Structures are given as structure tokens and as C-alpha cells.
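Reader: I have the model open and want to go through it piece by piece. Can we begin with the terms?

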Amino acid sequence: MKYPHQRVYISGSVNGLVCLTDRFDGLVLWNPSIRKFKKVLDFVPTQMCRCWSMCGFGYDEVHDDYKVVGIFSSMIKSYFEAVIYSLKNDSWRTLEDFKPGMSYCSSSKFVNGKLHWIIMRKGRWGIMSIDLVDEKWGKVELPCSNKEGDLKLGVLGNDLSVVCKNHERTHSDVWVMKEYGFKESWTKLYTIRYPENYKLSPPLFMYTKGEILLMFESTLAIYNPKNGSITHPEVINVDGSIKAALCIESLVCPDLPNGD
């Protein structure tokens with residue numbers, strides 16, 4: 001992917017494997033710890049004039065299989081199609097249970113065996129999920145309506161998180177679902193204040209002392225909820241804007257059929 005058609009996106013990181021995609025014909029499963037990768041071929045549907053709308057990457061524990069879910073949009077007609085890739089079978093197939101009619105507005109997050117997206121339908125925000133075991137779609141209740149603001153999904157530890165940006169765009173509330181599937185378990189951890197119109201990403205990691213690692217504009221930042229300070233750690237060998245995801249070291253090899 002030295003010369004992709006579009007910019008490269010991080011579509012997920014699970015058990016040391018990172019999924020990299022561009023919007024047209026590039027998908028790579030990569031383990032940076034052991035420097036092994038697999039370029040997934042023939043993942044564009046047979047019909048022409050399609051491009052990725054959204055892509056997600058996760059792990060099916062029951063079948064010991066890594067899976068990629070892609071949502072395609074037509075560049076000519078206004079319809080969507082969902083497909084799923086199995087690393088164990090090294091093949092793609094269509095997801096029959098997919099229900100179009102909504103806009104997928106963010107990159108997916110993998111929590112509790114499911115991929116999650118922020119969606120917009122009929123002017124209302126929501127969270128749509130797909131279980132990678134039975135491949136059934138479902139919904140997750142939001143902690144806030146945020147009709148005039150912006151929403152972004154994240155993962156803190158093993159918990160699903162949501163960043164709710166207020167309509168003045170001067171601060172964001174960070175919520176965490178402490179008990180998956182129960183709306184009442186949404187807990188507001190803290191509020192981040194920042195200059196107007198700054199681009200804020202979901203939190204990446206929480207340190208033991210409570211500081212939060214996140215993307216702030218196009219750089220990494222550490223936010224201290226106790227005093228509201230934001231510092232920028234030095235990142236070497238980086239030129240230009242960056243994308244980031246949390247990756248745990250592992251020996252999982254992506255270029256073997258079973259991923260072992």
C-alpha cells in the first residue's frame with residue numbers, strides 16, 4: 001500500500017492484528033509485532049462502480065476466526081450492500097440480514113464480540129451492531145440524544161465509549177457503558193474542553209493515574225481530567241497528520257489460513 005488510491009484507514013485492531021484499508025481496492029491484515037501481513041484480494045463485489053462506505057474488523061471467539069465486515073455504497077445508485085470476509089476460509093460473502101436505509105457515520109469499534117457503528121436515520125443518531133458469531137444485526141441505546149452535536153465511538157479498556165460533542169463545539173462529554181447492553185450503565189467519565197471547532201477523536205487509552213490518551217486534531221494528546229490540561233507527547237519518525245489505534249503485541253500470524 002505504498003501508493004494507495006486514497007488515504008489509508010485503520011479499520012480495527014484485535015489481538016495484535018491491524019486491519020488497514022483504503023476506499024477502493026486495498027485491504028491488509030498486518031501484525032506489526034512480527035512484521036507479517038496478508039493482502040486480502042478480490043474483496044470488491046463483482047458489480048462495478050462500488051466503493052467502501054464503512055469497514056470493521058473483529059474476532060469470532062466461537063469459530064476462532066478473524067472477520068472483516070464491509071459496507072459498500074454504489075457510486076451510481078443510492079443503495080448499500082454488506083459483505084463479510086473470513087480469514088479462516090479466506091473468502092467473502094454477502095450478509096443477508098443487512099438492512100439499508102441509514103447512514104453509517106463513523107469507523108466501527110469492536111466490543112463484546114460485536115462491531116459497532118454510529119448511524120443516522122431520519123435525523124436521529126443511533127448505534128448499530130453486528131454479532132460476528134451469528135452475524136445478526138442489533139441496536140445499542142445511546143447515553144445522550146445530541147441532536148445538534150456530533151458523536152464518535154471509542155473503546156476504553158473492554159468497554160464501549162461515546163464522545164458527545166456539544167452544539168457550541170467547545171466541549172465534549174465522554175461516556176462509558178460499564179455493563180454492555182444496559183442503557184442504565186452508561187456513565188459520564190469526564191468533560192473535555194477545547195478551542196472552538198477542534199477535531200476530537202474518541203479516547204484510545206486510560207493510564208493508571210487517570211490521564212487519557214487520544215487524538216487531538218491530527219496529533220496524539222494526553223488529557224488530564226483533574227485539571228483539564230492537554231499535553232502532546234513527542235512522537236518520532238512521523239511526518240504529517242496521523243491516525244492511531246491501540247495495538248497489543250501478539251504472535252498471531254495473518255498470512256496463515258487459520259490465523260495461528
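Author: Buried means under 20% relative accessible area, exposed means over 50%, and partly exposed is in between, using a 1.4 Å probe and protein chains only. This is a predicted model, where local features need pLDDT of at least 70, side-chain atom pairs count only at pLDDT 80 or more, and totals for chains, interfaces and linings use all residues. Residues are numbered from 1 along each chain as its sequence is written, and side-chain values use heavy atoms, with hydrogens and water left out.

Reader: Is Glu135 buried or exposed?

Author: Glu135 counts as buried because its relative accessibility is 14%.

Reader: Where is the place of Glu135?

Author: Glu135 is in the loop between β12 and β13. Strands here are DSSP runs (E, at least two residues) and helices are H or I runs of at least four, numbered from the N terminus. The hairpin of β12 and β13 has 5 residues between the strands, and Glu135 takes a positive phi near 60° there.

Reader: With which side chains does the side chain of Glu135 make a polar contact?

Author: One is the side chain of Lys67, at 3.3 Å. Another is the side chain of Arg93, at 2.5 Å. A polar contact is a pair of N or O atoms within 3.5 Å; within protein, one must be able to donate a hydrogen and the other to accept it, and residues adjacent in sequence count only if both atoms are side-chain atoms.

Reader: And what else does Glu135 touch?

Author: Leaving out residues up to four places away in sequence, Glu135 touches residues including Ile84, Leu95, Asp97 and Ile130. Contact means heavy atoms within 4.5 Å.

Reader: Now β12. Why is it largely enclosed?

Author: Strand β12 (residues 124–131) has 6 of its 8 residues buried, so the rest of the structure largely encloses it.

Reader: What does β12 pair with?

Author: β12 pairs with strand β11 (residues 114–121) in the antiparallel sense, over 8 bridges. Two strands pair if DSSP finds at least two bridges between them. Ile118 stands opposite Ile127 in β12. The hairpin of β11 and β12 has 2 residues between the strands, and Lys122 takes a positive phi near 55° in it. β12 also runs antiparallel to strand β13 (residues 137–140), with 4 bridges, and Trp137 in β13 is the bridge partner of Ile130.

Reader: Switching to the core. Which residues touch the most other members of the largest one?

Author: The largest nonpolar core has 16 residues, and Val69, Ile71, Leu95, Tyr104, Trp117, Ile130 and Trp137 touch the most other members. β6 (65–74), β7 (80–86), β11 and β12 each supply at least two residues of this core, and β11 gives the most, with 3 residues. A nonpolar core is a set of buried Ala, Val, Leu, Ile, Met, Phe, Trp, Tyr and Cys residues joined through side-chain atoms within 4.5 Å.

Reader: What does Val69 touch?

Author: Not counting residues up to four places away in sequence, the contacts of Val69 include Val83, Leu95, Trp117 and Ile130.

Reader: Last one. What order do the strands of the open sheet take?

Author: The order is β1-β2-β3-β4, with antiparallel pairing among the 4 strands. β1 (9–14) and β4 (36–39) are at the edges with a single partner strand each, so one side of each has no neighbour in the sheet. β1 and strand β2 (residues 17–21) are joined by 5 bridges, and Leu17 in β2 is the bridge partner of Val14.
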